[in-house]
Amino acid sequence: MKRTEIAEILKQPEIGQNYCVKGWVRAFRSNRFIQINDGSTIHTLQAVVDFEQFDEALLKKITTAAAVGLTGTLVASQGAGQTVELQVSAIEIIGEANPDDVQRTVMQPKKHSLEFLREQAHLRFRTNTFGAVFRIRHAVAYAIHKFFNDQNFYYIHTPIITGSDAEGAGEMFRVSTLDPQNPPLTEDGAIDYKQDFFGKPVNLTVSGQLEAELAALALGKVYTFGPTFRAENSNTSRHLAEFWMIEPEVAFNDIHANMDLAEEMLKYICSYVMENFPDDLKFLHDREAAEQQTKPQNERSEMGLVERLQFVVSNEFKRITYTEAIDVLRNSNHYKKKKFQYEVEWGTDLQSEHERFLVEKEYKCPVIITDYPASFKAFYMRRNDHSEVGRETVAAMDILFPGIGEMVGGSQREERLDVLREKCAAFHIPEEELWWYLDTRKFGTVPHAGFGLGFERMVMFVTGMSNIRDVIPFPRTPQNAEF
Ligand code: 4AD
Ligand code: MG
């Protein structure tokens with residue numbers, strides 16, 4: 001008999017109908033009630049076995065985590081907790097699970113810490129929490145593709161191996177086939193990358209933006225969505241060495257259109273998940289609410305997960321300039337009472353304590369900060385015509401979210417060849433390395449803008465998970481590349 005997924009059965013249960021389900025046993029109680037889950041939904045299906053009908057040796061193999069196929073008739077359930085159940089007429093043991101092995105894993109049916117679950121990332125998919133997280137991760141990815149496709153953007157695949165450092169932060173992973181024990185050397189003793197695979201030093205990309213710009217200057221509206229790599233040694237709950245980034249790039253957009261696009265996209269993602277994955281969302285909402293109960297009153301978040309998503313969808317993001325942000329921070333009681341650890345001064349980058357203050361205390365909503373000083377932003381950002389002398393700013397925009405910090409970083413791009421050349425010189429970027437990027441400014445250059453959304457940070461926001469390692473299947477962080 002053809003297998004039916006549990007999600008499909010529960011969506012439109014047909015009483016009296018025969019079904020075959022295949023999945024993993026979550027529990028087997030009283031030699032009678034099997035809870036089976038197949039990953040298609042957070043819900044289990046209850047299957048009822050008349051133990052007199054089956055061989056005892058067979059029933060013994062129905063243990064937690066075992067894979068089974070169950071065929072039977074769907075009936076209305078007498079018990080509480082489910083409306084329908086499967087009256088089993090045939091059992092197939094597909095894969096046994098040794099109870100002693102199950103004991104030492106996250107599949108043992110009890111509450112496990114997220115740290116323990118991380119150590120068993122190969123098995124944590126089997127838990128309710130991670131089932132929900134990864135179904136929603138899929139939903140976020142799909143919503144992003146749908147959002148852009150519906151607006152006639154083209155999905156561009158930008159390279160993963162690259163010779164350029166788009167962000168200029170120098171946090172790149174080198175890719176090389178040279179023998180590390182015995183690399184070829186030049187006459188002056190340096191490693192001779194001419195003999196390396198690509199004939200020059202190359203790295204894993206930190207961003208697909210520069211290549212996306214090239215495409216946008218012909219196709220109009222494009223986006224990349226791919227893995228990006230950063231060798232920053234920051235062991236925080238919001239940084240990964242390997243993460244996924246969505247980078248739209250739009251010809252003829254200025255910074256304002258860029259902010260509108262980003263805000264619309266973030267709202268769309270939240271709506272999409274609320275509409276299409278309500279069961280997983282409810283599970284994560286309740287999970288977070290329970291966790292909140294264990295925290296002291298003053299550390300609890302004011303809104304639950306679902307309320308936070310609704311709040312983002314139905315409220316405008318606050319837009320302020322960097323200069324305004326500095327004024328707000330310096331005029332705050334928090335500042336006057338010297339509660340900030342880092343200095344608040346025009347010209348220095350905002351620290352996460354400042355960002356959190358603005359988002360969580362001052363405005364209590366997502367905040368877009370624009371027009372940052374040129375000195376600590378990337379070379380490609382457009383120099384503002386309205387900059388004050390000695391206080392040069394660029395058309396940058398960062399979107400900050402409560403509980404997450406920086407969700408999006410973007411800008412209008414420098415489209416003027418002469419200014420871009422000046423910036424390259426100021427940032428010590430050799431023009432030979434970026435000749436192709438500069439070249440596009442020679443043939444019908446136009447204002448254009450784009451941004452990067454950190455995919456995992458968005459998944460954190462939508463799932464309420466507080467550590468980025470818990471929203472990517474196999475996190476890569478300093479000293480950790482297991483699985
Ligand atoms: O602000 P970033 O560095 O911007 C860029 O890379 C631009 N090229 C984007 C563009 O304009 N096309 O990174 C963009 C976003 C950040 O706002 C953050 O959400 C995420 O990427 N991000 C990280 N996420 C996880 N781990 C890390 N180490 C991250 N670094 C940045
Ligand atoms: Mg940034």
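The structure holds 24 aromatic pairs, where rings of Phe, Tyr and Trp (its six-membered ring) are taken to pair if their centres lie within 6.5 Å, with planes under 30 degrees apart counted as stacked, over 60 as edge-to-face and the rest as tilted. One of these pairs is formed by Phe 125 and Phe 134, whose ring centres are 5.2 Å apart and whose planes meet at 50°, so the pair is classed as tilted. Phe 125 is partly exposed, with a relative accessible area of 37%, whereas Phe 134 counts as buried at 13% relative accessibility; here buried means under 20% relative accessible area, exposed means over 50%, and partly exposed lies in between (1.4 Å probe, protein chains only). Phe 379 and Tyr 437 form an edge-to-face pair, with 6.0 Å from centre to centre and 65° between the planes. This pair links distant parts of the chain, since Phe 379 lies in the loop between β13 (367-373) and β14 (393-401) and Tyr 437 in helix α14 (residues 435-439), 58 residues apart. Phe 379 counts as buried at 2% relative accessibility, and Tyr 437 is buried with a relative accessible area of 0%. One aromatic cluster is formed by Tyr 142, Phe 147, Phe 148, Phe 153, Tyr 155, Tyr 223, Tyr 268 and Tyr 272.

The model is predicted, and local features need pLDDT of at least 70, side-chain atom pairs count only at pLDDT 80 or more, and totals for chains, interfaces and linings use all residues. Residues are numbered from 1 along each chain as its sequence is written, chains are lettered from A and ligands numbered from 1 in the order in which they are written, and side-chain values use heavy atoms, with hydrogens and water left out.

The chain contains 15 helices and 16 strands, these being DSSP runs numbered from the N terminus (helices H or I, at least four residues; strands E, at least two). Its C-alpha trace spans about 85 × 60 × 45 Å along the principal axes, and 48% of the 483 residues count as buried. Among contacts with a separation of 6 or more, 68% are between residues 24 or more positions apart, a contact being defined by heavy atoms within 4.5 Å.

Three strands form an open sheet in the order β7-β9-β8, with antiparallel pairing, two strands being paired if DSSP finds at least two bridges between them. The edge strands are β7 (161-162) and β8 (174-175), each of which pairs on one side only. Strand β8 is joined to the antiparallel strand β9 (residues 202-204) by 2 bridges, and Val 175 stands opposite Val 202 in β9.

Helix α15 (residues 455-463) is mostly covered, as 9 of its 9 residues are buried, among them Phe 455, Met 458 and Phe 461. The helix α15 is followed by Gly 464, whose phi is positive, near 80°.

In another helix, α7 (residues 255-276), Met 274 is found. When its neighbours within four places in sequence are left aside, Met 274 is in contact with Leu 281, Val 306, Leu 309, Gln 310 and Val 313. The C-alpha atoms of Met 274 and Thr 41 are separated by 15 Å, although these residues are 233 residues apart along the chain.
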